[in-house]
Amino acid sequence: MRVPGLDGTRLAALLLGVSAAAAALIGMTLRRAGLRRRIQHKTERGKQKREAALAQMERAAQRFRRENPGVVPASILSLSLAELTRKLQDGSVSPESAVYTYMGKALEVHRDVNCLTDYLPECEAQLLELKKEKRKGLLYGVPISIKDTYNYKGHDTTNGFVKLIDKPASEDCVIIQVLKRQGAVPFVKTNVPQSLLNYDSSNLIFGQTLHPLNPTKTPGGSTGGEGALISAGGSILGLGTDVGGSIRIPSSFCGICGLKPTGKRLSMSGNSTRSTTQNTVKRAFGPMARDVDSLALFMRAVLCDEMFGLDPTVPPIHFNEEVYSSTRPLRVGYFETDGYTMPSPSMRRAVLEMKQLLEKAGHTLVEFAPPRMDFAFTELAYQGMLSDGASTLLDKFKGELTDPNLKAQISFYRIPHPMKTFLSFITKPLFPRFSYICKSLRGFGSVKKLYEHHGDVEEYCLEFLRKWEGLNLDVMLCPALCPAFGIGYPGKLMGCWGKCWPPRCCAVCGAALAGRAVPTLHEGGGDHGTREELNSARSSRRRIC
C-alpha cells in the first residue's frame, strides 16, 4: 500500500523509527518486570530468613521452658529494670531466666503486632560466657532489643531496603560492643520504615508494625518496632536512633519513655543509618524503656571508659550522678504552642497538667516563647534536612520498589527541580509553608549557600541558648506529637507537608532545639480532645496558619 506524500525511503525511515520506539518501550517494560521479579524474589528471601530465625528463637524458648519448669515468667516480666538488675546482680534471677523469658514474650507480642525482624542466636553463647566472667557490668544479664539499623556481626542491617538483604555486618557497632561489655544481652532486632525517614514502621520485607493497643494505629517511626515491643512488654530495654523524632515519636505514641541524647553523646561509629546528607539536626542513638529510671541506668552503663576508648570522637564525660539525683528545685520553661505549630487539645492539656504538678512539687515554671520559629522551620529545618534536594535519599531507592505508605512522600521528592521552582512561586501567596517545602527540595545548589546555611544555624542556636540562659532555665516542658496516627497516614502527611503539616497536627515543638522532650502517655490514639477544645483549636489554627 502506498501512503500519499511518502516515498519508499521516508516510509522505511518512519517504520524504522516506530519499530525502534516500540522496541525501546518493550525493553523498558521487560526490564521493569525483571526488576520487579528480582525484588520480589529477594523480598521472599528476606521473609524466609526472618521466619527461620524466629522459628529458631521459638525452639530455644521452648527448650528452656521444658528444662526449667520452675521459672515463672510473670515474676520476671513484672519487674522494673532497676528491680531486675538487682536480682541479676545478687543471683536470685539468672541471666538465662531473664533472656529466655523475654524471648518467649517477644514472640507472643510479635504475633500480634509484627515488630521483629531478626533473632540474634549469638545471645545463647553470650549467656554461657557471662557465667565465666568475674566482673558483673551494670546491665549484667539484661535482655535488650535493638533497632534494625544497628550493625550486629553476621546479621543484615536492611533499613527496610530489599537490596541490603544478605549483606551482613562484618562486626558489631561500638554501642553494641559497649553494651555487651556491660553484660547486656542483645536478643532481637526490630522493625523500621523503608529508608527510616517516616513516622510509620512499614517496609516491603517485613510489613507493617501495628500499635499494641490499637491495631488501626501506627506505633510511630522510625523506631516503631521498638516502641510496640516495649509497650507490649516484649522487651525491658531497647535501643533506637533519632534525628527528627524517631525515638520520641514512638515513645509518645506507645506510652513509653525515650531519650534523644545530645549529638555525639553516644558513639555512632560502625553504623550507616543516614538517608540524607543534612547536618542541621544532629543524629543520636538513645534508649527506650518503660520508665525514666531505666533510661538513666542505660546512660550510666554506656557512658564509660570502654566507649570512650573504642570511639575517641565521643567526649569522655561520664554520667553526672550528682545532677541526676539532685533534689534542688528546678526552673522549668514551658510553652503550649511555639506560634508556628499547634498542639492537639490533649497535648495542650498535658502540658498544663504537668505544669501544675511541677509547681506543686516546688519547681518554678517560666513561660518561654521560642524565638523566630517561622525562620527555624522554613529556613533551617526544611532546607537543612534536605540540603541536597533529597538526592541522597532518592539514590537509596534506585533499584527498589517503594513501600505503599511512602509513595506520596517519595513521589513528592521526585518532582523535577523546575517544577518545584514553579510550584514554590505560584503557591507562596496562599500556601507559604508548602512553597517553602518546594523551595527546600531544590537543595542549596552551591557550596557557598550551604556554608551560609551552616552559619545561620549556628547563629540561631546561639540566639535560642541566650534566651534560655537569660531565663536561667534547667529544662524545657513542651508539647509532643498528637495521639497516634492511623496506619499509612504519616507517609501521606509527609508527602503533602505544606497542606496538612504542621497546621492540622502538632509537630515536636522545639524538642530538638531544647534537647529534651517530655513523653506523653495515652492509649493507641487516645484523646484528641473534647468537641469544644477541637473547635477552639481549629479557630486558633486559622489565625496562626
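**Local features of the predicted model**

K264 is found in the loop that runs between β7 (257-258) and β8. As with everything described here, this comes from a predicted model. K264 is not a glycine, yet its phi is positive, near 70°.

A390 sits in the loop between α13 (373-385) and α14 (391-396). Here the relative accessibility is 0%, so A390 counts as buried.

G183, which follows helix α6, has a positive phi near 95°. Then there is the peptide bond between G221 and S222, which is cis, with omega at about 5°. S222 belongs to the loop that links β5 (207-208) to α7 (224-231).

Back to α6 itself, which spans residues 174-181. Its buried residues are V174, I175, I176, V178 and L179.

Next comes a charged side chain away from solvent. D338 lies in the loop between β9 (331-334) and α12 (345-360). D338 is buried but has no salt bridge, and the nearest side chain of opposite charge, that of R433, is 7.2 Å away. What the D338 side chain does reach is backbone: a polar atom of this side chain lies 2.8 Å from the backbone nitrogen of Y340, and the backbone nitrogen of T341 is likewise reached at 2.8 Å.

Finally, E367 has its place in strand β10, which covers residues 364-367. E367 counts as exposed because its relative accessible area is 60%, and the cut-off for exposed is over 50%. Leaving aside residues up to four places away in sequence, E367 touches Y334 and L471. F335 is 32 residues from E367 in sequence, but the two C-alpha atoms are 5.9 Å apart in space.

Methods. Residues are numbered from 1 along each chain as its sequence is written. This is a predicted model: local features need pLDDT of at least 70, side-chain atom pairs count only at pLDDT 80 or more; totals for chains, interfaces and linings use all residues. Side-chain values use heavy atoms; hydrogens and water are left out. Buried means under 20% relative accessible area, exposed over 50%, partly exposed in between (1.4 Å probe, protein chains only). Helices (H or I, at least four residues) and strands (E, at least two) are DSSP runs, numbered from the N terminus. Lys and Arg count as positive and Asp and Glu as negative; His and the chain ends are not counted. A salt bridge is a side-chain nitrogen of Lys or Arg within 4 Å of a carboxyl oxygen of Asp or Glu. A polar contact is a pair of N or O atoms within 3.5 Å; within protein, one must be able to donate a hydrogen and the other to accept it, and residues adjacent in sequence count only if both atoms are side-chain atoms. Contact means heavy atoms within 4.5 Å.
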